[in-house]
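This report covers helix packing and backbone geometry in one protein model. The sequence and structure follow.

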Amino acid sequence: MSEAARGLERLRLEAQALPAALRAHTGRVVAEARRLARHYALDTARVEAAAWGHDLFRGHSDDALLEVAGKLGIETDLAARARPILLHGPVAAATAEEQWGVEDAEVLEAIRWHTTARPGMSLFAAAVFLADKIEPEKVGADAELAAIRDLARRDPEAAVLAYLDRQMERHLRAGGIIHPASVEARNALLLRDPGSEGPQV
């Protein structure tokens, strides 16, 4: 097995050690990511690896995430300091790259941005982002997500935008914080050229 393959396999092995509920969620995201990868004609094994790695630090406390982010040199903006759970993707991506030998830029991007999205996100990253949001248990608990799940098969850009719209509306109603990357991603999607082609979401 190559070094690159070992790094991706490490993501799966780390996911197997997660607490039961988080491990079960991750398994559902992997299955959903596999489905989307096939539909979008992406490299299924690499998309699955990113899905295995997306929530490896989701169970860490706020203090632990801030501490690890500091050690890894991850910049923490106002939103992340207010809601450190937003750091679990960046921390997982940085740990995978610096400690576990993951060199695949698309896998690292997908892990890093799976919570907030970002402008110019690749189709690969969008597949993991959407898989995390529309896995079956989440859809079962929230019927609104079913429409986004259906849309994801037809138009991943529209599905990401629909999800961001929905979440931002909820956060605004609750007086919550919205991460700047989510706002920028939404704006970029709204301003995209509908006649353009390519893998960027």
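Helix axes are lines fitted to C-alpha atoms over the stretch in contact, and the angles between N-to-C directions run from 0 to 180 degrees. The model is a predicted one.

On that basis, helix α3 (residues 44-53) and helix α7 (residues 105-112) cross at roughly 35°, and their axes come within 9 Å. The crossing of α3 and α7 is right-handed. From α3, the contact draws on Arg46, Ala50 and Gly53; from α7, on Glu106, Val107, Ala110 and Ile111. Sorted by class, these are four nonpolar, one polar and two charged residues.

A second pair is formed by helix α10 (residues 144-154) and helix α11 (residues 156-174), which pack with axes 6 Å apart at an angle of about 155°. Angles over 145 degrees count as roughly antiparallel, so α10 is roughly antiparallel to α11. On the α10 side, Glu144, Leu145, Ile148, Leu151, Ala152 and Arg154 take part; they meet Pro156, Ala158, Ala159, Ala162, Tyr163, Arg166 and Arg170 of α11. The contact of α10 with α11 has nine nonpolar and four charged residues, and no polar ones.

Backbone angles are the next topic. Most residues other than glycine have a negative phi.

Methods: Residues numbered from 1 in each chain as written. Predicted model: local features only at pLDDT ≥ 70, side-chain atom pairs only at ≥ 80, totals over all residues. Heavy atoms only, no water. Helix = DSSP H or I, 4+ residues; strand = E, 2+ residues; numbered from the N terminus. Left-handed = near helix turned anticlockwise from the far one by under 90°. Contact = heavy atoms within 4.5 Å. Nonpolar A, V, L, I, M, F, W, Y, C, P; charged D, E, K, R; others polar. Parallel < 35°, antiparallel > 145°, perpendicular 65-115°, else oblique.
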